[in-house]
Amino acid sequence: MITTDTIGRFSIPLMMGAEDALGAGEMSVFLCDARDDPIREQYYLRTLLSRRVDGIIVTGRRTQGRPPIGAALPIPVVYAFISSADPHDCSVVPDEAGGARKAVDHLLATGRRRVAHITGPEHHHSATVRAAAAAGRLAEDGLDLVGAPMFGEWSEAWGRQAVRILLGADVPFDAVFSGSDQIARGVADALQAAGRRVPDDVALVGFDNWDVMALACQPPLTSVDMELEALGRTAADLLLAAINGEPSPGRHTRPCRLVIRDSTA
């Protein structure tokens, strides 16, 4: 497995899922961290090929398409979480749009109608996909987001700042869908500092179901889980099939799951 996810936030759960799928066949997974360095990545690719590995899973910390890791490689390659820009390659990705729709479905089911969306950088694929899906789901019920999607950083600090902007605009809102759990935790802190109760006054949903953030949030955070371990298992299963002469080219999408906690209850 070759990754650009230096901190392991996404690659470690993916590797655990892959090991689960491959362990029964007594196959091992070697993790190589390319650190967002194309030269280092190619070095790892050459090293792994020289050691005659059976296949490669390529992953990273972003879901958008990337250039193929190599051309006419002698072994199968599966892209997991990220996708290959070549439609003939095999890629397994989370259904982020579907996850965002589930978040909004839940907020609507709890009676919320004035939903704000605070998310990461506008140039980031995940931020734009989640924002568009949230706005689209609200539109199906004849509703709009409270203001435009608020693009910023994947950070608690941005979550706090965005709430101050919302409150300063004096526009009523009864729910916030955050593009990440880190942002949501900052949102929760700022709402409570302003005397807004979560979830009584404002319901709050995050994205990632990162337990470090979701469980430490006060109250515990309802969040969209991309099921990364299951994604890793699927990638390993597709890789095994390709090794056995049954490749599955194209983009394969796996559903996300909504984990409901006290921030919306």
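Helices α1 and α8 are oblique to each other, a word for angles that are not under 35 degrees (roughly parallel), over 145 (roughly antiparallel) or 65 to 115 (roughly perpendicular). The model is predicted, so local features need pLDDT of at least 70 and side-chain atom pairs count only at pLDDT 80 or more, while totals for chains, interfaces and linings use all residues. Residues are numbered from 1 along each chain as its sequence is written, and side-chain values use heavy atoms, with hydrogens and water left out.

**Packing of α1 and α8**

- Helix α1 covers residues 11–23 and helix α8 covers residues 228–243; helices are DSSP runs (H or I, at least four residues) numbered from the N terminus.
- Their axes lie 6 Å apart at an angle of about 45°; axes are lines fitted to C-alpha atoms over the stretch in contact, and angles run from 0 to 180 degrees between N-to-C directions.
- The crossing is right-handed, meaning that the near helix is turned clockwise from the far one by less than a right angle.

**Residues in contact**

- Residues of α1 including Pro 13, Leu 14 and Met 16 meet residues of α8 including Leu 228, Glu 229 and Leu 231; contact means heavy atoms within 4.5 Å.
- This contact has 10 nonpolar, 2 polar and 4 charged residues; Ala, Val, Leu, Ile, Met, Phe, Trp, Tyr, Cys and Pro count as nonpolar, Asp, Glu, Lys and Arg as charged, and the others as polar.

**Cysteines**

- The structure has 0 disulfides, pairs of cysteine sulfur atoms within 2.5 Å.
- The sulfur of Cys 90 is 18 Å from its closest cysteine sulfur, in Cys 256, too far for a bond.
- Cys 217 is buried, at 1% relative accessible area (buried is under 20%, exposed over 50%, partly exposed in between, with a 1.4 Å probe and protein chains only).

Note on methods
Helices (H or I, at least four residues) and strands (E, at least two) are DSSP runs, numbered from the N terminus.
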